[in-house]
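Trainee: I am new to this one. Please show me the structure, and then let us talk through its contacts.

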Amino acid sequence: MADAGWEAPPPGVALPEGEVHVWRASLSLPPAELRRLHAFLDDDERSRAARYRFDVHRDRFVAGRGLQRELLGRYLGVAPAAIRYRAASHGKPELDGPAAGSLRFNVSNAEDGLLLAVVRGREIGVDLEPLRPMPDGEAIAERFFSAPENEVFRAIAAGLRDRAFFTCWTRKEAFIKAVGEGLSMPLDRFDVTLVPGEPARLLRTRGDPAEAERWTLRELDPGPGWLAALCVEGAGWSLRLFDHPGAPFPPRPAPE
């Protein structure tokens with residue numbers, strides 16, 4: 001499947017069955033915008049925001065939760081402050097109240113970048129990572145990647161190894177977030193493709209080999225200096241990528 005391009009959203013965003021939407025946005029926003037988004041938060045989110053020691057971390061939390069509520073509110077046709085959440089198994093957040101079961105979503109925040117993925121009737125996971133030097137990448141891979149993944153990783157040219165590490169990491173994180181098991185699922189229990197430029201695929205899962213056929217992995221290109229992956233239950237879906245008009249996604253310098 002050819003990757004779609006990022007586009008400005010239409011005035012009214014509809015989410016048909018079989019369509020997946022991914023939004024990208026910045027978490028580095030001016031004070032007036034942060035105040036607007038802060039008004040969308042519930043009491044628990046405001047309390048959590050207040051506990052951050054550093055302003056940058058508090059502001060990113062407010063921006064992330066506020067943008068999430070704003071975007072989900074568009075799909076649900078409700079005020080952002082009216083959205084309610086509950087924790088599913090292993091803590092994966094989902095909608096609660098009247099909106100429960102109406103759509104699935106997943107969010108990934110990294111530094112000052114955000115991705116939000118939404119779909120109807122399917123589980124979904126997304127992961128975003130800044131591309132950066134990983135001098136200890138081989139040791140981390142040895143600990144967390146599967147044996148087949150490590151065999152491929154060690155054979156990759158040194159100049160591509162940082163990109164390969166985050167290619168693998170984002171695909172694995174997107175899968176465990178879609179499954180909803182989070183850190184309870186060992187990362188070496190399944191294999192993904194990781195060579196830069198190779199199509200994203202879930203190759204095999206241990207314990208239930210048929211599980212690999214249940215999911216579709218896609219590589220996303222959020223912008224310079226970033227890597228991301230999307231995992232969606234089933235096949236036969238199409239993808240649309242949207243830019244948040246009030247929070248342009250932040251580019252990053254390529255690592256040296």
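Mentor: Start with a definition: axes are lines fitted to C-alpha atoms, for helices over the stretch in contact, and angles run from 0 to 180 degrees between N-to-C directions. Helices (H or I, at least four residues) and strands (E, at least two) are DSSP runs, numbered from the N terminus. This is a predicted model, where local features need pLDDT of at least 70 and side-chain atom pairs count only at pLDDT 80 or more, while totals for chains, interfaces and linings use all residues. Residues are numbered from 1 along each chain as its sequence is written, and side-chain values use heavy atoms, with hydrogens and water left out.

Trainee: At roughly what angle do the axes of helix 5 and helix 6 cross?

Mentor: Take the distance before the angle. The two axes, of helix 5 and helix 6, come within 9 Å. Their crossing angle is roughly 155 degrees.

Trainee: Are helix 5 and helix 6 roughly parallel or roughly antiparallel?

Mentor: Apply the angle classes: under 35 degrees is roughly parallel, over 145 roughly antiparallel, 65 to 115 roughly perpendicular, and the rest oblique. Therefore helix 5 and helix 6 count as roughly antiparallel.

Trainee: Which salt bridge partner does K172 have?

Mentor: A salt bridge needs a side-chain nitrogen of Lys or Arg within 4 Å of a carboxyl oxygen of Asp or Glu. For K172, the N to O distance is 2.9 Å. K172 lies in helix 6 and its partner in helix 5, so the contact ties together parts 23 residues apart in sequence. The partner is E149.

Trainee: Which ring does K172 lie over?

Mentor: The rule asks for NZ of Lys or CZ of Arg within 6 Å of the ring centre and within 35 degrees of the ring normal. K172 is 4.0 Å from the ring centre. The ring belongs to F190.

Trainee: Which residue forms a salt bridge with E138?

Mentor: The closest N and O atoms are 3.5 Å apart. E138 lies in helix 4 and its partner in helix 6, so the pair ties together parts 23 residues apart in sequence. The partner is R161.

Trainee: How many residues apart in sequence are R252 and E111?

Mentor: R252 and E111 form a salt bridge, with the closest N and O atoms 3.0 Å apart. R252 lies in the segment after strand 12, and E111 in the loop between strand 5 (104–110) and strand 6 (113–119). So the pair ties together parts at a separation of 141 residues.

Trainee: Is R252 buried or exposed?

Mentor: Buried means under 20% relative accessible area, exposed over 50%, and partly exposed in between (1.4 Å probe, protein chains only). R252 has a relative accessible area of 18%. So R252 is buried.

Trainee: How many aromatic pairs does a search of the whole structure find?

Mentor: Rings of Phe, Tyr and Trp (its six-membered ring) pair if their centres lie within 6.5 Å; planes under 30 degrees apart are stacked, over 60 edge-to-face, the rest tilted. The search finds 13.

Trainee: What is the angle between the planes of W23 and F242?

Mentor: W23 and F242 form a tilted pair, 5.0 Å centre to centre. The pair links strand 2 (residues 19–26) with strand 12 (residues 238–243), 219 residues apart. The plane angle for W23 and F242 is 45 degrees.
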